[in-house]
Amino acid sequence: MSMLACAAVMAFSSIAHAADPIVIKFSHVVADSTPKGQGALLFKKLVEEKLKGKVEVQVYSNSSLYGDGKEMEALLLGDVQMIAPSLAKFGQYTKKLQVFDLPFLFNDIHAVDRFQHSDTGKQLLKSMENNNITGLGYWHNGMKQLSANKALHVPRDARGLKFRVQSSDVLDEQFKALRANPRKMSFAEVYQGLQTGVVNGAENPWSNIYSQKFNEVQKYITESNHGVLDYMVITNTKFWNGLPDDVRSQLTDILAQVTDTVNAEAGELNQKAKQSVIDSGTSEIIELKPEERAEWVKAMKPVWSKFEDQIGSDVIKAALAANDAK
Ligand code: LMR
């Protein structure tokens, strides 16, 4: 090949290369029908409309690319560019986010939302940048419900049962406080764990219960609303800061729009999932009487003091303040 032809080929290939879209792999562990699943798909749709040809988003749901044990590692290695783990799964990178796992801290999802929008909530998005993790926003799933193959009305009903927990030390202690046996297990393993009796119970928002068919292997679901399961959408800091400024700023705007939509619709998705569980007739739904609820609070709340130093009392105080609607 002549020098000229060779140069032409090189020039062409570098043009072709320059025109290749930036690929964002977004991996997660839940079903497409859940708030996070819907959010990931909406993000893909809007990015591919507004940044057509410049950015391509590939969504991998239901642990199809990485399970929750591996997705964080994959993000840090640059094998995926965005993930949205539950706030219970960051213990290795910051202890402050453990605040979200403290049982009976938030009165409801609106209080969680107010805390996420507070100065402290916003600072927490940046709390892992030393670890090359940038928080881009919070997405709601919803409040967690306790389920088991035994009716759980009061804390002593849970005694001795094995409960699946996410990889969170707070959640581990929460079940120990009930004298139950917590077992950390990745999300993809939960259905089988419940089915085979490796664990007897779990805690999940309605959308995860219904979309994973956990109700088919749990006879009782107690509407406890004892804690929250929400997400932080995160990216690899070096990847994010290395994007062309205009692309980064457009992605930031799109993500803000998606966040608003996810958070506005998560409540309804969970209500629909609850109704579907009821309609399926698989499980008895247990509503707690006020005095029963008070017993769960009394049993679980002592967990707070064990984590106060790690989380920081200022962070806990800010979270509590969000219970007072402005
Ligand atoms: C779980 O492991 O139970 C959840 O974190 C799964 C999810 O992403 O909602």
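Colleague: In helix α12, which residues are buried?

Modeller: This is a predicted model. Within α12, which covers residues 303–311, the buried ones are V303, W304, F307 and I311.

Colleague: What puts these residues on the same side of α12?

Modeller: Their directions from the helix axis cover an arc of only 85°, so they are on the same side of α12. The other side carries S305, K306 and D309, which are exposed.

Colleague: What do the buried residues of α12 pack against?

Modeller: They pack against three helices: α6 (169–176), α11 (290–300) and α13 (313–321).

Colleague: What follows α12?

Modeller: G312 follows α12, and its phi is positive, near 100°.

Colleague: Which residues have the most contacts inside the largest nonpolar core?

Modeller: That core has 38 residues, and F26, F43, V47, W139 and L251 have the most contacts inside it. Among the elements that each supply at least two of its residues are β1 (22–27), α2 (35–50), β10 (228–236) and α10 (245–280). The element that gives the most is α10, with 8 residues. Apart from this core lies another, of 35 residues, including A74, V99, V170 and F307.

Colleague: Which residues is W139 in contact with, leaving aside its neighbours within four places in sequence?

Modeller: Among them are F26, K36, D230, Y231, V233, L255, V258 and N263.

Colleague: Why is the pair of F106 and F115 called tilted?

Modeller: The ring centres are 5.9 Å apart, and a pair needs centres within 6.5 Å. The planes stand at 40°, while stacked needs under 30 degrees and edge-to-face over 60, so the pair is tilted. A search of the whole structure finds 7 aromatic pairs. Ring pairs also link F100, F106, F115 and Y138 into a cluster.

Colleague: Are F106 and F115 buried or exposed?

Modeller: The cut-off for buried is under 20% relative accessible area. F106 has 5% relative accessibility, so F106 counts as buried. F115 has 0%, and therefore F115 counts as buried.

Colleague: Does A88 count as buried or exposed, and where does A88 lie?

Modeller: A88 lies in the loop between β3 (82–83) and α4 (109–117). Its relative accessibility is 4%, so A88 counts as buried by the cut-off of under 20%. Leaving aside its neighbours within four places in sequence, A88 is in contact with D101, Q166, S167, S168 and L171. The C-alpha atoms of A88 and D230 are separated by 8.4 Å, although these residues are 142 apart along the chain.

Colleague: How many of the 326 residues count as buried?

Modeller: The share is 50%. The protein chain exposes about 15,100 Å², with carbon and sulfur atoms supplying 51% of it.

Colleague: What share of the contacts with a separation of 6 or more comes from residues 24 or more positions apart?

Modeller: Such residues account for 75% of those contacts in the protein chain.

Conventions: Residues are numbered from 1 along each chain as its sequence is written. This is a predicted model: local features need pLDDT of at least 70, side-chain atom pairs count only at pLDDT 80 or more; totals for chains, interfaces and linings use all residues. Side-chain values use heavy atoms; hydrogens and water are left out. A nonpolar core is a set of buried Ala, Val, Leu, Ile, Met, Phe, Trp, Tyr and Cys residues joined through side-chain atoms within 4.5 Å. Buried means under 20% relative accessible area, exposed over 50%, partly exposed in between (1.4 Å probe, protein chains only). Helices (H or I, at least four residues) and strands (E, at least two) are DSSP runs, numbered from the N terminus. Contact means heavy atoms within 4.5 Å. The arc is that of the directions from the helix axis to the C-beta atoms. Accessible areas come from the Shrake-Rupley method with a 1.4 Å probe; for residues, only the protein chains shown count as cover. Rings of Phe, Tyr and Trp (its six-membered ring) pair if their centres lie within 6.5 Å; planes under 30 degrees apart count as stacked, over 60 as edge-to-face and the rest as tilted.
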